[in-house]
Amino acid sequence: MKKIISLVLSLIIAFSCLSVSEAVYANSNPTVESALGTLFTEQGFIPWQASAVQYNCFGFISKICEKLYGVSYYYEQQNGNYSFNHTTDYFTVSESVYPYSADSEVRKQYAQQIKDWIFANAAVGDIMQYGSADAAYSKKHTVLITHLDEAMIQVVHANYETPGIPASACRVDTIYWDSFVSNPDANATSNGTITSLNLLLGSGLKMTQGFGISLNRYSFLESKYTLQSLSSTTCSIKKTERMSTTSIKVVWNTVSGATAYGLEYREINSNSWLSASDCITEDNYTVSNLTAGLTYSFRVRALVNGVWCDYSTEYTKSCLPPKPGKVTVTYGEQGISLSWAKRSDITGCVVYRSLNKDDGYEAVADLNVKNASSYTDSAVNVNTTYYYKIQRYVISNNSRVDGEPSSAASAQIQLCAPTDIKAYNAGRDSIKLSWTPAQNAQGYTIACFSKKANDIRYIDVTDTSCVINDLVCGRKYYFTVASRSSFGVSGASDTVSLKVKPKKVSISTSCASSKARVTFKKTEDVDGYVIYRAYSRNGKYKAVKTIKGNKAKVSFVDKKTYKGNRYYYKVKSYISKNGKRYMSDASAVKSVKIK
């Protein structure tokens, strides 16, 4: 019963609106709306009852075309989801495409553009096809416009499912423009009943492949019916824009044949209209000398053939400081820096910050400066995303008037842990660490620990390498490195480990008097060396000499060699401590052939 009452009210609204618009377009032909009113009493086309064509919205609209125009729409060639290659002379087409955006504010702009495009191109009786802009992604729907004015659009369709309504039903649904433009992402409801089916078009704006829409008109519509279109002689305000704290720009659609436009405005609580100008020749006009903080209504009309046409639907706008456009965000050693366009007609700006893009904003600065256009936030932490909005304000009549906050701008001071950590033996009780520097790091903190209880220490450095002393020879140590800046510390790097050993020896070999000679420079802080020999590179190495002490240059002559043979050598240094010998890693293998 609620649905039937809703339909009746919708039709009453539609026909009452029609009675006004018909005065402009009056001729001897009937209107499409009146023809549809008769059609909606026939079985299969009665709203909220089973449709004449089941589970095929395109086929259902084709049946309506047969009833209205005597021509089926079913044989028109579909091209993808939203457009057509019309194969007959019975239909013409107008198309519009909108790229995908995840930003809800951008989708609202698209909704306004769709409204403007429909105002400029559509008429009652047009077939509206919409869907994914990518033909490879099958998502589409077909409707027919049953009513159109500055407040709403009504369409008849079938096989569109919303909660509580079977998809097979013939439906007449309404979209109110104000509701659609302000929130295309959700239907408007009241007491559980949908009052504006915004998602009929709005859901398409969420398609990641983009959204396409076309208007397809019966070519001979005007010879059979009175054209019911908003674009003929009635102006429609497309948008308003705050130009300053005391001026608003009004933009409207152009009217064919118009030689001038008249614009009026009034305070929202006043019944008296004031004339801004009645000799405007452009499609826009800026009304100045308004009062900041007040809300105004605007209406416009066209002068066609020396006769003033009806005024447009009123469009309201509050006179506020203009909303900041793009907010540029950078970061450096001072923190996160914001900048935006400066204005001389404001009193100041408030900077708001949140950890959530959509809510939770708190004021972090009140810049009571006439030309305020920048701010640096130093109270931030690394690796945290901050969202900012800028709100201009003006002091008018001893009261503060706030403008709309800007769109959110985000920034994060990234500080990653250093990478490519390497550890080397650097002496009898030392290990050297090195790493690749991290962007935005002003220093580093090294954590050095072993598996012995409470054996951990932290070392702060500014370079990308460090020698850690006073370690225990023979003990294995573990290391991590974190980046530091004035805004915090990164997470820890990957852990590297190394056992404390003497430094590795570098050797060379030569043949002298048919003997093998092994030579190497001394290694700091060792107690001696062990020289190993094998008969092949990967063979079994045996110790052939132990040299105690730490001379400036060490040389060993192997006398147990034979001509024609090749011998392989490697050397390890060692440290003696508490009766235990700690060996270094072996040197690179060197060979020599005895001549």
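Analyst: **Loops, core and pocket**

Ser203 has a relative accessibility of 36%, so it counts as partly exposed; that class sits between buried, which is under 20%, and exposed, which is over 50%. Keep in mind as you read that this is a predicted model. Ser203 belongs to the loop that runs between α6 (199–202) and β10 (211–218).

Now compare some other loop positions. Tyr562 sits in the loop between β39 (553–558) and β40 (566–577). With a relative accessible area of 59%, Tyr562 is exposed, because the cut-off for that label is over 50%. Setting aside neighbours within four places in sequence, Tyr562 touches Tyr567 and Ile594.

Most residues other than glycine have a negative phi. Asn289 has a positive phi near 60° and isn't a glycine. You'll find Asn289 in the loop between β15 (284–287) and β16 (295–304), and at 74% relative accessibility it counts as exposed. Asn578 also carries a positive phi, about 55°, without being a glycine. Asn578 lies in the loop between β40 and β41 (580–583), and its relative accessible area of 76% makes it exposed.

Next, the inside. In soluble globular proteins, nonpolar side chains tend to be buried together. Here the largest nonpolar core has 57 residues, and those with the most contacts inside it are Phe60, Ile64, Ile118, Met128, Leu148, Ile153 and Leu201. The top contributor to this core is helix α3 (residues 57–69), with seven residues. Zoom in on Ile64: leaving out neighbours within four places in sequence, it's in contact with Leu36, Leu39, Phe45, Leu144 and Val156.

As for rings, the whole structure has 15 aromatic pairs. Take Trp435 and Tyr444: their ring centres are 5.5 Å apart with planes at 65°, so this pair is edge-to-face. Both Trp435 and Tyr444 are buried. Elsewhere, Tyr69, Tyr218, Phe220 and Tyr225 make up one aromatic cluster.

Finally, the empty space. Rolling a probe the size of a water molecule over the atoms shows where such space is left. The largest pocket holds about 1200 Å³. It's lined by 33 residues, and Gln112, Lys239, Thr240, Tyr315 and Lys317 are the closest to its centre. By residue type, that lining splits into 15 charged, nine polar and nine nonpolar. At least two lining residues come from each of α4 (104–121), α5 (177–182), β11 (237–244) and β18 (315–318). Of the contributors, α4 gives the most to the lining of the largest pocket, with seven residues.

So, back where we started: Ser203 counts as partly exposed at 36%, whereas Tyr562 at 59% is exposed.

Terms used:
Residues are numbered from 1 along each chain as its sequence is written. This is a predicted model: local features need pLDDT of at least 70, side-chain atom pairs count only at pLDDT 80 or more; totals for chains, interfaces and linings use all residues. Side-chain values use heavy atoms; hydrogens and water are left out. On a 1 Å grid over the protein atoms alone, a cavity is a set of points where a 1.4 Å probe fits but cannot get out, and a pocket is an open set with protein on both sides within 12 Å along at least five of seven lines; lining residues have an atom within 4 Å of a point. Grid points are joined across faces, edges and corners, and a volume is the space filled by probe spheres set on the points. Helices (H or I, at least four residues) and strands (E, at least two) are DSSP runs, numbered from the N terminus. Ala, Val, Leu, Ile, Met, Phe, Trp, Tyr, Cys and Pro count as nonpolar, Asp, Glu, Lys and Arg as charged, and the others, Gly among them, as polar. A nonpolar core is a set of buried Ala, Val, Leu, Ile, Met, Phe, Trp, Tyr and Cys residues joined through side-chain atoms within 4.5 Å. Buried means under 20% relative accessible area, exposed over 50%, partly exposed in between (1.4 Å probe, protein chains only). Contact means heavy atoms within 4.5 Å. Rings of Phe, Tyr and Trp (its six-membered ring) pair if their centres lie within 6.5 Å; planes under 30 degrees apart count as stacked, over 60 as edge-to-face and the rest as tilted.
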